[in-house]
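Hello,

Here is the structure I promised to pass on to you. Please have a look at it first, and then read my notes below.

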Amino acid sequence: MLRAGLILAVAMAAAGPVVAQSKTEQCASSADIVMTAVQARKDGESKAKARRALREALDRTAGDMLAEWIWELPEEQLTEEVGAAWEAQCLAQ
């Protein structure tokens, strides 16, 4: 989970200055990005294609790290719990 925290910190730093949002909105938005990537993996999309989309949504480093993390998750963990855990960790920071 430490790696997820690092990825979250990078993603939050990348997304933070772009849009002035409350922390709750920012965490919900980042959880949506995570779940979009999770769904892409479940749908059989390539990691490279998802990485490109994540780079556009975040930045190069955050997109790469997030893609790697999601594609390393065991398939049975690709559930709504990923987004919920992401959002909870975000709100706790």
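Which residues does valine 82 touch, not counting residues up to four places away in sequence? The model is predicted, so local features need pLDDT of at least 70 and side-chain atom pairs count only at pLDDT 80 or more, while totals for chains, interfaces and linings use all residues. Residues are numbered from 1 along each chain as its sequence is written, and side-chain values use heavy atoms, without hydrogens and water.

Valine 82 touches Val34, Met35, Val38, Trp69, Leu73 and Gln77, where contact means heavy atoms within 4.5 Å.

Val82 also belongs to the largest nonpolar core, which has 18 residues. Such a core is a set of buried Ala, Val, Leu, Ile, Met, Phe, Trp, Tyr and Cys residues joined through side-chain atoms within 4.5 Å; buried means under 20% relative accessible area, with a 1.4 Å probe and protein chains only. Helices H2 (23–42), H3 (47–57), H4 (60–72) and H5 (80–92) each give two or more residues to this core, and H4 gives the most, with six. Helices here are DSSP runs (H or I, at least four residues), numbered from the N terminus.

H2 has 20 residues and spans 28 Å from first C-alpha to last, close to the 28 Å expected at 1.5 Å a residue, counting one less than its number of residues. Among its buried residues are Val34, Met35 and Val38.

Finally, glycine 63 is found in H4 and counts as buried because its relative accessibility is 0%. Leaving aside neighbours within four places in sequence, glycine 63 is in contact with Arg51, Leu54, Arg55 and Leu58.

Best wishes

Technical notes. Buried < 20%, exposed > 50% of the residue type's maximum accessible area, 1.4 Å probe, protein only.
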